[in-house]
Amino acid sequence: MSEQASYASDQAQSRGRLFSTSDSPTRSEFQRDRDRIIHSTAFRRLQYKTQVFLHHEGQHFRTRLTHTLEVSQMARSIARALRLNEDLAEAVALAHDLGHTPFGHAGERVLHEKMAGFGGFDHNMQAIRVVTRLENRYAAHDGLNLTWEALEGILKHNGPLVDEEDRPLGRYLETWLPFGINDIPASADLMLASYASLEAQAAAIADDIAYNAHDIDDALRAGLIAFDDLVDVPLVGPIVREVLDAHPDIERSRQAHEVQRRLITRAIEDVIATSEFEIAAAAPRTSDDVRHAGRTLIHFSDATAEAERGLKAFMFEKVYRSEAVMAPVRRSQHLVAELFDRYFESADMPRRWAEAARAAGTDAARARVIADFVAGMTDPYAEAEHARLFDGKGPVE
């Protein structure tokens, strides 16, 4: 393995953890972050949380967990090629979806609507709440006590949240900053106006590559699109034609896998080549230089980014907004809404959650307890709770 670059995140220069810990003789600090995330309850729950297709629709569709594992592998590949810290890239990738609700973005939309008067709901911020407040396994403190660099990456892997004058950026222009943004337990200020480390940027682009390739695979498997539908689609179409020319007689499942494999490889190679050029142009000497570079340094080339937008438009029209996907989405949104309303009225939840809701001094505090509980549910648990509350089935744990 080549020597780590000077602009990579160096554990020896870490801003540390909120709570001090003894040194490990066998693991780096970022490896410890990775391990704490993997052993968390929230990480295990990802196995039964929706990616695109509901968990019970087929055992071979991606879940949040399998998607997360695929992202972490790609993030490590990119980090290795760019001589970054692979362990930090992996830790950020493994934690990036910990704040997702049951039923994917459908559940998040409902919680955001229900929490509109109480600060809203944001899955990135919820991931921070999970790793700093809600995972209560350690004797000495709440949360996983991750390093500053891991927390920064989880929060800002998609870029700064505010500009230099503290004005919200990106999607937060319309919704303002999420609840709790100024109350994150960390060893130092997470610097909302700066860019995240290159390792976090690698995790973010790996997320895009993973869902582009694997949502195509799942959509083919579900029969929402046919292989021939992809021939003229940007980014993937040229690869489809190439595979059909080279392997016209093999079964479609193998052709599809060959397309997926080549799509991932070429996307990663495009990112590496583009990022090498960007890093050389910006000439950062340290990881802090990266944070103040004024732009994301790890990204697709312009041509690939344009083609990717075309692919996403195709997927939204043919897959994400198809009736086969939207019908269960509408049902799951109704289910989450009913759960939230019932809990808000009666606090009929497992004991520690019910006690926390009853002890909350304001409606806003009670609503946040309920949002935390609902967001942590798996798809099957949410279904079981709804059956218990509305059909008289199933016990409270």
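This is a predicted model: local features need pLDDT of at least 70, side-chain atom pairs count only at pLDDT 80 or more; totals for chains, interfaces and linings use all residues.
A nonpolar core is a set of buried nonpolar residues, drawn from Ala, Val, Leu, Ile, Met, Phe, Trp, Tyr and Cys, that are joined through side-chain atoms within 4.5 Å.

**View 1. The largest nonpolar core holds 87 residues.** Look for Ile37, Ile78, Leu98, Leu155, Ile209, Leu230 and Val236, the members that touch the most others in this core. Helix H9, residues 198-222, supplies the largest share of the core, with 12 residues. Apart from this core lies another one of 26 residues, and Phe103, Met115, Val336 and Met349 are among them. As a general point, nonpolar side chains tend to be buried together in soluble globular proteins.

**View 2. Ile37 and its contacts come into focus here.**

**View 3. Helix H5 spans residues 104-114 and has buried residues along it.** These are Gly104, Ala106, Gly107, Glu108, Val110 and Leu111. Which helices do the buried residues of H5 pack against? They pack against H3 (64-81), H6 (123-134), H14 (323-346) and H16 (363-375).

**View 4. The largest cavity has a volume of about 50 Å³.** The model has three cavities of 30 Å³ or more. Lining the largest one are Gly119, Gly120, Phe121, Asp122, Met125, Gln126, Arg129, Pro178, Phe179 and Arg368. Helix H6 gives the largest share of this lining, three residues. Sorted by class, the lining has four nonpolar, three polar and three charged residues.

Conventions:
Residues are numbered from 1 along each chain as its sequence is written. Side-chain values use heavy atoms; hydrogens and water are left out. Buried means under 20% relative accessible area, exposed over 50%, partly exposed in between (1.4 Å probe, protein chains only). Helices (H or I, at least four residues) and strands (E, at least two) are DSSP runs, numbered from the N terminus. Contact means heavy atoms within 4.5 Å. On a 1 Å grid over the protein atoms alone, a cavity is a set of points where a 1.4 Å probe fits but cannot get out, and a pocket is an open set with protein on both sides within 12 Å along at least five of seven lines; lining residues have an atom within 4 Å of a point. Grid points are joined across faces, edges and corners, and a volume is the space filled by probe spheres set on the points. Ala, Val, Leu, Ile, Met, Phe, Trp, Tyr, Cys and Pro count as nonpolar, Asp, Glu, Lys and Arg as charged, and the others, Gly among them, as polar. Lists of a residue's contacts leave out its neighbours within four places in sequence.
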